[in-house]
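This report describes one protein chain for a reader who has not seen it before.

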Amino acid sequence: MLKLLHAVLLGLFGAAAVHIAILFLLPTYSERDVWAAMAKEAGPYAFVRLGEGNADPLLAEEQNPFFETAACRFDLENGMVRLTSAERVPFWSFSVYDRDGFNVFNTNDRSATNRELDALVVNAAQLLELRKGVPESLAASLVAQTDVGEGMIVIRVFVPDESWRIIVERFFDGLRCEAL
């Protein structure tokens with residue numbers, strides 16, 4: 001009977017110790033997310049290449065070997081965001097995520113004019129202002145309306161084989177994420 005009581009007390013003490021350790025480690029682990037890793041790598045409106053070439057393990061995970069990926073952080077409080085790249089690739093898609101990582105918008109080159117990447121990410125107020133008079137330079141831009149303040153844009157480009165690698169690299173070299 002005494003051994004059973006000893007085992008129960010030891011189990012309770014162990015469970016309490018694990019819970020306390022988790023509570024103390026929670027702030028440390030909650031700040032180790034992709035947003036923080038990207039902020040450490042580059043400022044807002046700068047693309048960070050994701051995948052095997054990245055030294056940060058959070059940004060180095062490669063989802064599909066046929067796709068190259070990059071992401072930029074933005075804040076719509078600073079104005080709408082324009083995405084452009086002068087190079088044409090076999091396929092591109094981009095997704096908009098909010099600060100918590102929830103996907104709020106997706107599209108691909110099939111939705112764009114001439115399949116070129118020229119897109120705006122705007123909130124409702126910016127879209128209303130944009131509709132009052134679209135500048136000629138933005139007339140062909142694809143418009144993505146979201147309700148997020150801070151967010152992240154992830155661009156994926158299909159690389160059918162190694163012969164496309166140079167073109168895809170030029171696409172990423174010319175890729176711009178800028179506040180307007």
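Two strands count as paired if DSSP finds at least two bridges between them. The model shown here is predicted. In strand 7, valine 143 is the bridge partner of leucine 120. Strand 6, residues 118-122, pairs with strand 7 in the parallel sense, over four bridges.

These strands belong to an open sheet of four strands, ordered 7-6-3-9, with mixed pairing. Strand 7 (142-145) and strand 9 (176-179) are the edge strands, and each pairs on one side only. On average, neighbouring strands of this sheet are turned by 20 degrees against each other, direction ignored. Strands of a sheet pair through backbone hydrogen bonds, either parallel or antiparallel. Helix 3, residues 124-132, lies across strand 6 and strand 7 and runs at about 125 degrees to strand 6.

**The chain as a whole**

The chain has four helices and nine strands. Along the sequence, their pattern is α-α-β-β-β-β-β-β-α-β-β-α-β. The radius of gyration is 22 Å, well over the 16 Å that the globule rule gives for 180 residues, so the chain is more spread out than a compact globule. Further values for the chain are listed below.

| Property of the chain | Value |
|---|---|
| Box filled by the C-alpha atoms, along the principal axes | roughly 85 × 45 × 25 Å |
| Residues that count as buried, of 180 residues | 37% |

Among contacts between residues at least 6 apart in sequence, 70% join residues at least 24 apart.

**The interior**

Which residues have the most contacts inside the largest nonpolar core? They are Phe74, Phe94, Val121, Ile153, Ile155 and Phe171, in a core of 28 residues. Elements that give two or more residues to this core include strand 2 (67-75), strand 3 (81-84), strand 4 (92-98) and strand 8 (150-158). Strand 6, strand 7 and helix 4 (165-173) also give two or more residues each.

Leaving out residues up to four places away in sequence, phenylalanine 171 touches Ser85, Glu87, Val89, Trp92, Leu117, Ile155 and Val157. One of these, Ile155, is also among the core residues with the most contacts. A second, separate core has ten residues, among them Ala37, Ala42, Leu59 and Met152.

Methods. Residues are numbered from 1 along each chain as its sequence is written. This is a predicted model: local features need pLDDT of at least 70, side-chain atom pairs count only at pLDDT 80 or more; totals for chains, interfaces and linings use all residues. Side-chain values use heavy atoms; hydrogens and water are left out. Axes are lines fitted to C-alpha atoms, for helices over the stretch in contact, and angles run from 0 to 180 degrees between N-to-C directions. Contact means heavy atoms within 4.5 Å. The radius of gyration is taken over C-alpha atoms; the globule rule is 2.2 Å times the number of residues to the power 0.38. Buried means under 20% relative accessible area, exposed over 50%, partly exposed in between (1.4 Å probe, protein chains only). A nonpolar core is a set of buried Ala, Val, Leu, Ile, Met, Phe, Trp, Tyr and Cys residues joined through side-chain atoms within 4.5 Å.
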